[in-house]
Amino acid sequence: MTKHFNVSRRGFLKLGGTTAAIAGAVGGSRLHAMEQKLGGEDFSPVTGKPRQAVPYTCMVCNIEDGGIAYVEDGRVVKLEGNPDHPGNRGKLCAKGNSGFQHVYDPDRIMTPLMRAGARGEGKWKRISYDEATSILATKLREVIQRSEKAGDPAIRNEIVFKWGRNRTGGAVHRFMHAMGSNAMVNHTNICESSKKVGLEPSWGPDIESVDYTNTKYVLNFGSNVMETAYFHNPNAQRLVDGMVANKAKLVTFDPRLSNTAGRSDEWFAPFPGTDGAIALAMAQVIMTEKLYDDAFIRNWTNVTPERLIAHLAPYTPEFAEKESGIAARDIRRIAREFATTKPAATFSYRGPCKHVYGSYQEAAIHMLNVITGNVEKRGGYCLPRGMGWPQPEPKPPAGKVPSVLAAPPLYPLASHAVSTHMPYMIMKGDAKVSVYMHYYDNPAYAYPSSHVWIDLLKNEKLLPFVVSFSCYMSETTELADLIIPDVTYLERHDPESMPSDLRPWLGIRQPVIKPLGNTQEFRETLIQVAHKIDSDGTLGVKKYFAFKNSEEWMRAHFDNIPGLKEDGGYDYLKKNGVWPKYGKVDPETAKIVDKNGNEVQPEFGLYLKELSATDMAGAEVKPDGTIVKNGKTIGCQVNGRNHVGFGTPSARIELYKESYKKYGFNPLPVYKRLPSRDKKADELVLTTYKVNVHTQSRTASLKYLAELYHKNPAWMNPKTAAAKGIADGDLIRVTSPLGYLVTKVHVTEGIHPDVVAVSTACGHSAYGRLAQLKHRDKDAEWALGGDPDITHNVWWDDKGVHPNPIVRLAVDPIGGSQGWYDTVVTVSKAQPGDKYGDVKVSVEQSMKDYEETLRYAYTGDIHRANHKEVDVDWDHLPKPQAGAGH
Amino acid sequence: MTECPTLTQFDAGEECGAQAGLFALLGRCLEAEIDERLLTALRGELREPLAEAGVDSACLDGDIDRVLGDAAVEFAALFVVPGAASPYASTFQTGALFQEPADRVARWYADNGFAFRNAHSGEFPDHVGTMLAFVGKLYEVEATALAESRVEAAREVRERRGRFVVEELGSWAPGWCRVAAAVAEHPFYRQVLALTERVLWEELSNLVSARRLRELSAANARGPARMPLNPDYRKASGL
Ligand code: SF4
């Protein structure tokens, strides 16, 4: 090598090294590391022109993350997270990124349709929105006038509205109350209702928000937070922050090796439905080994440590091992770790609560945080933080008569309804329906024993008029009489807030493009129908819908909120999508930081806020410290200070729930052995689960997502499979008392040997060409829609098999949750003649399940037999009545 | 300078007028449901010429309400309801509703003095029926120009029409007609779709070379491509 100057390599390096060491003194170059762009702007790759950026709130799933839609030539071309949103901090998940495909899906319903043939025959006539809203108005007016004539307000409850996802910010309630009907039924009992009912009587509304970012220890019971679960995207980010930056430990209990379980420091696979036993045993260890927070229990709960120690005595780790299969020594070790690592928190979702007695399991898990004093601490188990918005005046009052469908008399504690019971109640004549409307709802696919819903929806006597507001031909919508399609979430107005972060926020959904092809958003449909029902205002309906359009309605929600008003009200939200702006996402740490680069901290210890002298004026402090004003609890006095406390009658955490006891349930968290625990050795428990790129039923038609995940073989443990002579990929028959389905098997160590797990989101019989792979085997028909993606790029010919038809109805008598993971099945190799995708089930058998599950309700014989320990006057339990306790 | 019309121009003008009528009729039949007025025409003065073109309108005889009702149900099943033969160029070319082809077609309309206005929700400019109607309109303009002896104007509009048919309809519309006709249950739609296909091929064969025609024929014949399934993918996908 030619030497160009007289310095040896050694000398050269020495110079370099010294320069590096004093880099600051030498001074910097013009070059610096490129700052990572966090979004907020985008450009056309063809013209280089900036694309129009319109903020919105995602609604592909229910987390309601903030997004920015990029619009080019009036078309949504790309979605990304809103970097100003405190929850998702600029990131969308795969579902959120794919959402714009909903808008342009050739299988979207773009015009109102009126049924022409028999219900479900698939014969329709195209009509206009004007005609469609007139038809619906006529049907509704008939019920209202009949009720007026008879002087019977109960008749109004024949107008029934069922939703799966209602993010209208009160629009549906306004509409139904304006009709005088209370017959509104949500979907929450197939989702998280028993989690809520396990928690809410204890500490006030809604579920926990864990400060994952600052925690040191997370005990995860049955939540797949990194893939799905409530607040999936924001929580997954915060959990990763905590695990990576804060070295937090994650321990997961889940019968299935989810991607969360797989990324945990420790994964335990308990027998389904035994999380409560594990949590109670951990509590027992913590209490008996004196690892609890004595002051917190005494000051902030309605029990004493002594009482808890006595109550928990039977729940030893050995007892829990017998129930769950998790070794007692591990339960002890984890309990000690959890109690001695600060801060720590549990998180739980569907795993524990989607069982009969799921509320007890949730209450037991919640108790772990309470006894260790982790509630409302930085890095701990916090109350949810959301923001509300006012409803525009005048507000219609609720209907005069409670609806048995919305508030079933046998489930007084199920404050989030028991929607699974609806078809059975209607079939048994408990409720009459004249007009049945459904919105974002697909029970004919998404509910347990889904065939029962199909049976009901086809019954023109029981449901004389069915209206769907869906813009997709789902399994439920195809059984409607009239379809008045809503637009997609990117073309619609809604107010939003979710406790997805510890910093509360308000947001909006707004049309990022004009409704495609002059379709009409649901809110406008409601305004039109209300005006047509009551054109002269004499029925008292129209006055509640005195909005010129949806935007005016939205302004009425947002323009007078203190703080937001000063920032610009609704116009601020139109521009920014979310309020308030807490700071800026730091591109390196992804933390929200202020002008000085310091992280914007959430507020903790909400219950410790002190009441002001004005608050206390006229208030009375009861002997137990509860502060009551005008008959309402406003806080509690602890150590001489007046705090706002928790949202319970005593303003303390009520681990002891009087409301439970009133109906013969145990007021303290207990474990009740489920029938599935006593299954025969060769039987299995069927569990279902969501995957990271799909919602339960609404995303199978999205091309990006369908390509990623479209088939759902049943997961089975190698030992179990070998014992049954089943090999990976075999065709199997899964049989429950309702019937059977034929699917394929995926043999994996990632599942409990007593469990067979099948995901949702697959096996559609409706929902568009892609979801159904309709005519995949017939070339001409497959090419029918002309969509080249479908005809050329669908390389798969397996759409999976949906498990719900064989899932038995069984609900938690307390919280009303469906016991999704309580169905016992047998699994065998497929029989001669069985074809992949075969499903055979019986409605009669499902009706028997309904009768059986009622025996667990508070009036039932099994309830009494299972609660002998409860000291209550069993012969004088409250009489069942609609709306009681709700 | 206005030239005196020659006999050939006169014939051409008449032919353009006839083509305008034909395309207008086909466009009307595919763009919207049959209404009472159209039904009267189909059963009356159009019956014979339709029959000669291979469309037997006797299938539309009988009680008016029933006939219109049945035809509307078939129309919805064929062109409106999810799972139907999507009548939009955007779907055929991009797999999504209302994409660049819709803009392109709308520009064609605007450049020729027309604006698209939908009558029902969910209608876009690149609807095959609207596009056929546009061809009809161009024929009409040409016929008027010829009648007024504006030869250059007629030539110019003829050239534009030819480009529109080849560029915007040629590669997909005849094939779309074939697929839709194959699934149509109502004989009227089956026959009208078959007629539309024939008319389009006829039009195309007058506009392009034999070689280009073969290419268009291949483009229209496209069946679904089958991607080979790789059994190892089962594991790669985690399942
Ligand atoms: S988790 Fe995904 S789909 Fe759900 S709101 Fe967030 S980005 Fe949208």
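Q: Which helices of chain A each supply at least two residues of the shell around the ligand?

A: This is a predicted model, in which local features need pLDDT of at least 70, side-chain atom pairs count only at pLDDT 80 or more, and totals for chains, interfaces and linings use all residues. Side-chain values use heavy atoms, with hydrogens and water left out. Helices are DSSP runs (H or I, at least four residues), numbered from the N terminus, and a residue is near a molecule if one of its heavy atoms lies within 4 Å of it. Here the contributors are helix 3 (94-98) and helix 8 (232-245) of chain A.

Q: What is the make-up of the shell by class?

A: Six nonpolar, three polar and three charged residues. Nonpolar covers Ala, Val, Leu, Ile, Met, Phe, Trp, Tyr, Cys and Pro, charged covers Asp, Glu, Lys and Arg, and the others, Gly among them, are polar. The residues around the ligand include Cys58(A), Cys61(A), Glu64(A), Lys95(A) and His232(A).

Q: Is Cys471(A) buried or exposed?

A: Buried means under 20% relative accessible area, exposed over 50%, partly exposed in between (1.4 Å probe, protein chains only). Cys471(A) counts as buried because its relative accessibility is 9%.

Q: What does chain B average in pLDDT?

A: The average is 90 for chain B, on the predictor's per-residue confidence scale from 0 to 100.

Key: Residues numbered from 1 in each chain as written. Chains lettered and ligands numbered in written order.
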